[in-house]
Structure formats: C-alpha cells, structure tokens
Amino acid sequence: MKYQAPRGTHDVLPDEFVVRRDLVATAERLAELAGYQPIEPPTFEDADLFVRSVGAGTDIVEKEMYVFEDRGGDRLALRPEGTASVCRAYLQHGFANRPQPAKFHYVLPIFRYERPQAGRYRQHTQFGAEAIGVRDPALDAEVIELGWRITEEVGLRDLRLGINSIGDAEDRAGYVPVLREHFAPHLEALCADCRQRYQRAPMRLLDCKQESCRPYQSGAPLIRDHLRPESRAHYEGVQERLQALAIPFEEWSTLVRGLDYYTHTVFEIAPANGGSQATIVAGGRYDGLIELLGGRPTPGIGFGMGLERLALNLQAQGQAPEPAAPLPALVIPVGAEAVTRASQLAADLRRAGVGATLAFGDRSLKAQLRHADHTGARFALIVGERELRAGVAEVRDLRRGEQRSVALDAVVEELRRAAPYTESK
C-alpha cells in the first residue's frame, strides 16, 4: 500500500475501541464520584509551556516533542503530557478564585517522538486526573486511591503500588551534592544519558533502566534520609492515609519520575511481573508548577494512565472486555417494492432501542441470509412483496433455525421481548 499509519501510531479498530470505551467509562465514573470534573484543553499549545513546565533538560523536551511553527509564526507543540495544559487552563480561567481544590479529569491524545514499544505509541491516549489548590496528605492519598481503584475495577490483578517522596527544592539542595559525590567516581562507566543527567538532572541517575548503570545505583544515598521535618511529616501522612484506605503500597526509594515539576509525593502502579516499561499509572505532586507558569504559589497533584498499556495488560490477564455485540436484527427487503417498508421497519426497531440495519445491495435472499449469519445477527427479518400484501414479516431466528410470520406492526414488540438477545430500552 502507498499510505499506511505513520510509524509509532496505529488505527484504533472497532474491537479495540470497545475496550477503550469501557475503560474510559469506568475511569470517568470513578473520577466523578470523587468530584473530578471533565476538561479538554487543545491538542497543541505554546511550545514554551512545556519547556518551562516539563523542563528544558528532560528527554521529552530535548528529544520527544513535536514542535512546529504555524502560519502566523508562533512556535507550537503537540501535547506531550496533560498536566501542564490543565494547569495553564486553571490559571487562564480563574479557577484559583473558585473553591479549592479544583479537580479535573481528562482523556487526551498524547504525542511523543519516542521509540515505539508495547502499549506505547508516538500518539497514545491518556486518562488523567489533577487536583489543584490544596497541599494535604489526605488529597495525595485520594488521588493515589483513584488511580488504584480504576485499575482494580477494570479487572487488573497482581499490581504493585510504589510511592516515594522526592522532597522539594530546599530538600534537594542538601541531597543532590551528596548524590553527585556518590556517582562521581563511576561517570565513565555510566551510559551516555546518565553522564548528561549527572549535571542537569542528577536524581534521574537513580531511575535509569540500563543494565550498565544498575550496579552504581546500589548503595546510593536516598533522599528520604535528607528530607526536612515538614517534608518527612507530609510523606508519613500520605502513608498513614493510604493504610487507612486499605490501599497496599510499597516504598520505592529510587522512584523519582522524569519531569522537572514533581515535588514530594511520587507514585507508580505496575504489574508485579512487569518489566521496566510496564508502568500503567504514574503521577505525583507538583507544588511549584502553577507558580512557574506565572500564578501564585499553588500546590497540585495528579496522575496519568496510558489506555493502550492498560488494555494490553487486561488482555494479558484475560480480563479484556468482550468485543461489541453484533446488531440483533438484519432487515432484508426482497424486491424493489419492499425497500421502503423494510427501511421504515429498521428505523422503528432502532427507535425502540433494538439494534437493526437494512440489508443493502441487490443480492439474492440466499446471499443476504448468509451475510446475516456472517455478521452474527440473531434475527433476519424478511420483507418481500408477498409479506407486504399479507401485512407480515418473516422473522427467522438464525441461532435456533426457526422462522415464523409476525404482523408488521408487532415485529418491534416481538424483538423487544427477545432480550437479552437485543439491546432494548
């Protein structure tokens, strides 16, 4: 073929779309039960929004953003993550003047020029939740619980929740020099990315997944030993509230996340037997982000979950939702005179909540019945000139191999009573 989907993207076909739709419905329902309201920022933003928020030295900004100049000369970027856009909307529309925290949930396409991998594409879809305006360990626990409950309710099992505190800028000012001192003798042995991280983002050295770097992570100083009393109290408060909510968690002392705006609580949810790229839910607190974007100091916390990766894990565990059920009824007109009445009958069925479509094309009755069987329809409704004269339709139950005549004005009620084989209201 001359044209195919670009590398790192894919077409969401009907069966996969049904899975995604069910995941989104569950996530949105649980989010709205906790007071999170829907929001949808634009697909592209001022590129500087992401440079300032995500961090100029991060992989996302340096290697992965889709940046372009529009016809007016503005430098724009396709959204590489959702939090910065939501925080920009929070500021632009005056949510700081409304009751706090302001809570949002969203389903957005995310764009990153990265190596395609299982469940992660250069365009993927993310469900996210953000709570902005309050710094409270109980809010951290609520956000983490929401992510955990979504994965639990959609059917995933054998998951691990890891949490850590990375403190704030004041905590890290005392920690980073100690961390650099630990890695300094090993710089030549580290991967190329880590040699750059040593200067611009030294905490990322703890999170590198390259096997060559792992031996030097062992024995590295941990930030939890360098937290100020108030930061330690917040982190302990989060743990206490998670325990009260019966959310099982582990402390992952090297969990740091990859974006510059994170502070204090960070967390991930991943399959127990997953590899380094298996994370399903990831997020954390970003108490300095709103201020960085020009607002007053405003705390915030949130998470994102990739729907493709979530669906992949559901499939691996045999928990994926069933594909969309076929339409219950195919209405087959036999002869030109029957087409209009058959079309009306199909429309009447749909208005009554019964899935139905017309058999299109000038094919024989035998061919149309084969088509009905191949589509998985439960009933074939045959309307020909003879049936019109008698005021009936032939209702053939394709599963049972039975057929009988039913008055045209009684067909809709007949199929409504055939539930659960039809989708009826």
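**Helix packing, a mixed sheet and a pocket**

Me: At what angle do helix α2 and helix α4 pack?
Reply: This is a predicted model, so take the geometry as the model's own. Helix α2 covers residues 47–54 and helix α4 covers residues 83–92. Their axes are 10 Å apart, and the packing angle is about 105°.

Me: OK, and how are α2 and α4 oriented to each other, in words?
Reply: The angle between them is about 105°. Anything from 65 to 115 degrees counts as roughly perpendicular. That's why α2 and α4 are described as roughly perpendicular.

Me: Which residues in α4 does α2 meet?
Reply: On the α2 side, the contact is made by Leu49, Phe50 and Ser53. Sorted by type, the residues of the α2 and α4 contact come out as three nonpolar, two polar and one charged. The partners in α4 are Ala84, Ser85 and Arg88.

Me: Let's move to the open sheet: which are its edge strands?
Reply: Five strands make up the open sheet, with mixed pairing, and the order is β13-β12-β14-β15-β16. From one strand to the next, the twist averages 25°.

Me: Which residue in β13 stands opposite Ala329?
Reply: Strand β12 takes in residues 329–334 and runs parallel to β13, with three bridges joining the two. Ala329 faces a residue in β13, and that residue is Ala356.

Me: Which helix lies across β12, β14 and β15?
Reply: Helix α12 (residues 339–351) lies across β12, β13 and β14, at about 165° to β13. The other one spans residues 365–375 and runs at about 170° to β12. The helix across β12, β14 and β15 is α13.

Me: What volume does the second largest pocket have?
Reply: Its lining has 19 residues, and the closest to the centre are Arg172, Ala201, Met203, Arg204 and Asp260. The lining residues split into nine nonpolar, three polar and seven charged. The second largest pocket has a volume of about 340 Å³.

Me: And which helix gives the largest share of the lining of the second largest pocket?
Reply: Both α6 (169–183) and α7 (192–200) supply at least two residues of that lining. The largest share is three residues, and these come from α6.

Methods
Residues are numbered from 1 along each chain as its sequence is written. This is a predicted model: local features need pLDDT of at least 70, side-chain atom pairs count only at pLDDT 80 or more; totals for chains, interfaces and linings use all residues. Side-chain values use heavy atoms; hydrogens and water are left out. On a 1 Å grid over the protein atoms alone, a cavity is a set of points where a 1.4 Å probe fits but cannot get out, and a pocket is an open set with protein on both sides within 12 Å along at least five of seven lines; lining residues have an atom within 4 Å of a point. Grid points are joined across faces, edges and corners, and a volume is the space filled by probe spheres set on the points. Helices (H or I, at least four residues) and strands (E, at least two) are DSSP runs, numbered from the N terminus. Ala, Val, Leu, Ile, Met, Phe, Trp, Tyr, Cys and Pro count as nonpolar, Asp, Glu, Lys and Arg as charged, and the others, Gly among them, as polar. Axes are lines fitted to C-alpha atoms, for helices over the stretch in contact, and angles run from 0 to 180 degrees between N-to-C directions. Angles under 35 degrees count as roughly parallel, over 145 as roughly antiparallel, 65 to 115 as roughly perpendicular and the rest as oblique. Contact means heavy atoms within 4.5 Å. Two strands pair if DSSP finds at least two bridges between them.
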